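Visitor: Please walk me through some labels used for this model. I want the cut-offs behind them.

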Amino acid sequence: MSMRGSRSEKVKRIFTQFDANRDGGLNRDEMAALVVAVNPRVKFSDEQINAILDEVFRTYNEFIDTDKGLTFDGLLRTYDDGAGDVDRDFDALGLELLNLEENKLGSIQSEASSSSIAVDERAMDTQKKQRTAAWAVSPNHGIVFDDTWKIVDDLEVLVKRLKAKQAKDGKLRGGDNNNNNNFDMYSDAGWSRELGPSAELSEKRVFWEESSHDYSVFVKELGVLRSRADGARSREEAFDGHMAIGRVLYEHQLFKEALVSFKRACELQPVDVRPHFRAGNCSYALGNYKGAKEEFLLALESAEAAGHQWSYLLPQIYVNLGIALEGEGMVLSACEYYREAAILCPTHFRALKLLGSALFGVGEYRAAVKALEEAIFMKPDYADAHCDLASALHGMGEDERAIEVFQKAIDLKPGHVDALYNLGGLYMDLGRFQRASEMYTRVLAVWPNHWRAQLNKAVSLLGAGETDEAKKALKEALKMTNRVELHDAIFHLKQLQKRKAKGNGGADGEGAFIIVELPKFKTVGDKTTLRQDLADALQIRTFQRITRLSRCDVELLKKELNDNDVPVSYSGGGVPQKSIRKPNLEEILWRLLNFLKPETFQGSIKAINEKILSVLDEAGSGRVDLGLFFAVLAPMCSGTPEKRKRIAFDALLWRPVNEGDGSRIKKTDAVGYIKLLRAIYIPSQGISEMLEVHGEADSTLVTFNEFVVMFDDRDWGFGVMSTLLKLEAGDRNRHGKHVCSVCRYPIIGSRFKEMKSHFGLCNQCYSEGKVPPSLKQDDYKFKEYGSEAEAMKDKCACFNMPSHKDS
């Protein structure tokens, strides 16, 4: 509580420090001096300073005194809105707080008063300020009625009693770095320490024992206080009471009970922004992202309807709404709200950081880098922003710069788990295994039960040639979890050791191999998949797995087409189309993939955005042709091949360019679609073909059967789909004890047997043309076995063949 009370005092000291002429306002020169002083490491140009001042004086116009400049309340509001970090600025200026009592007394004595009664009233107000949090006395968010103060005092007593009892019984648990809680993930309005993530609060997260007798007694006594609030003389006073109860409960992290109070306040004043906003914060803290989103949307609706009254709160509503949407996995939608917050408040460094992180999450690395660099420019010590910037740079291939930025994040916060873990992954990608193992060791020092870090440490040690240490690390990982990845890694390690013992291992412990040219890979029998076809199909299958589209019934696409009444618009070339914005498309995908967890859905959206939307929205308009999108998606969904092709055809038929004939589409549209399909899913062949589509003016119409012939063409259509279907049906098949002769992993999927040397390859190694160097030949002939049953049947057939002597 003392932290909350000292916040306004810190702002007051900063204000006094730069109010050079002591007129009670900060003019442009004084504000400029403040901006420069609190950012000692930033070299501002005159244009930058003027732009910042213009934005401040425009945004906080209601707090501008024409003759004096920005008032103290205005400066306090800028900090409340996240334009700066009070604690960071206070420390940067080297200021110290005056004794609280002396400071209050001085402020009272400095004011002229002709009435001893007025002095006594101010003294009473001072005592109120001292006994509760700073929010209670703020002009827009504080306590209005005297009876509410009494309720707050009684509630504080109840909370302290509960805390003492649970602490005594050992039931009160504090958070630590190993807890995955939501408390440090969102911003708050007016009454939070800052808009940025509060490390102090997240590390001190309190977990109350709600099943205890003490807690039940507390809830019962809390009900009495709520009844007192309900029994107030007016609706406004009852609202004031429930809001104050909710605020106190929230301060003590009693989120479940705080939510009840804020909900009651919503009932009393449904169009007031504040209870909806705070109910949203409580819901998010409780992990109820959907509930949080709904409350923030109601807060946004009320704020926009109220005009200028709550305009200062809009950026924070947008930010929190975006975070709630991210909690549901809706990253594209979150980006929209973060952008709105940054537009309304350009100095909102956290909105820019969140925007950059969300853009990184959907694979838009360049835009992410730009937003994150702006956030760091405003807040150079923002460790989280440095971490995400480094990840985005790694995504763009700027690895050396990424290492520097990761290191900067670690310098700012030595225990930053994400920065340490991701830097370890980057070192692994670069083959610097020793450095990678050091990073994972540091992660485990902060988070001892981080099994992924333990597994990656084992892999990096294996890459560094430290086999014994790798085995120890794997055993430690097994103590933490029993996941199948660990068992596969242990089996792989054993295979490599066996191979090394025979003298046939690579220098780093990996199996050695050579890559053979494509023409030297020949197939035996019609059923053996061509190497290039398998390589293309494996990439598509990987996309299916990441997006989970193979678990989405293709018939649902048809339902979405029928249910969506999208108005016709015109593209830049004047072509009619039914297009929608990306966030709206994300909502459709959420319905199609509603069986996914939020974090898995985020990965799905990223893959779809990178592979499909980046091609469909090449101009960057933010809109996508819905019919074309569904046609591209249909071959990836579950269902018979005929159904997938039928839905793709129907999606093309739904487009405005094909209206007029209920059963045929334009041939040019079909050709363009197939070339688009190849450009997206077989990029090694597609882009040049896309360019050929433009300029064709063939008005011929094609039926569904003619479309299928075009689709199945192996040279010009999407014939790779037959190979994809084979992977879908059997890429989980195991082949007993057979391991790949190159990678030494158990063979899963098809087994490709070389008919002369009798070695076997897995799908991946066969598609990449890898063979053991000890078995080098002029050419290789492979036969594919989908299962061990096929291999056994083939073996038996060979035994039953008549010999040459018999003839």
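Guide: Start with pairing: two strands pair if DSSP finds at least two bridges between them. Strands are DSSP runs of E, at least two residues, and helices are runs of H or I, at least four, numbered from the N terminus. The model is predicted; local features need pLDDT of at least 70, side-chain atom pairs count only at pLDDT 80 or more, and totals for chains, interfaces and linings use all residues. Residues are numbered from 1 along each chain as its sequence is written, and side-chain values use heavy atoms, with hydrogens and water left out.

Visitor: How do you know that strand 15 and strand 18 pair?

Guide: DSSP must find at least two bridges. Strand 15 (residues 751-754) and strand 18 (residues 780-785) have 4 bridges, in the antiparallel sense. Arg 751 faces Tyr 785 of strand 18.

Visitor: What makes strand 15 and strand 16 a pair?

Guide: 2 bridges join strand 15 to strand 16 (residues 760-761), and the strands run antiparallel. Lys 753 has Gly 760 as its bridge partner in strand 16. Their hairpin has 5 residues between the strands, and His 758 there has a positive phi near 65°.

Visitor: Why is helix 28 called oblique to helix 29?

Guide: Helix 28 (residues 582-592) and helix 29 (residues 598-616) pack at about 125°, with axes 12 Å apart. Axes are lines fitted to C-alpha atoms, for helices over the stretch in contact, and angles run from 0 to 180 degrees between N-to-C directions. Under 35 degrees counts as roughly parallel, over 145 as roughly antiparallel, 65 to 115 as roughly perpendicular, and the rest as oblique. Therefore helix 28 is oblique to helix 29.

Visitor: Why are helix 13 and helix 15 called roughly parallel?

Guide: The axes of helix 13 (residues 273-285) and helix 15 (residues 314-327) cross at roughly 30° and come within 11 Å. Helix 13 and helix 15 are therefore roughly parallel. In the contact (heavy atoms within 4.5 Å), Val 273, Phe 277, Asn 281 and Tyr 284 of helix 13 meet residues of helix 15 including Ile 317 and Ile 323.

Visitor: What makes Arg 161 and Glu 221 a salt bridge?

Guide: The term needs a side-chain nitrogen of Lys or Arg within 4 Å of a carboxyl oxygen of Asp or Glu. For Arg 161 and Glu 221, the N to O value is 3.2 Å, a salt bridge. Arg 161 lies in helix 8 (residues 146-168) and Glu 221 in helix 10 (residues 213-230), so the pair ties together parts 60 residues apart in sequence. The structure holds 39 salt bridges.
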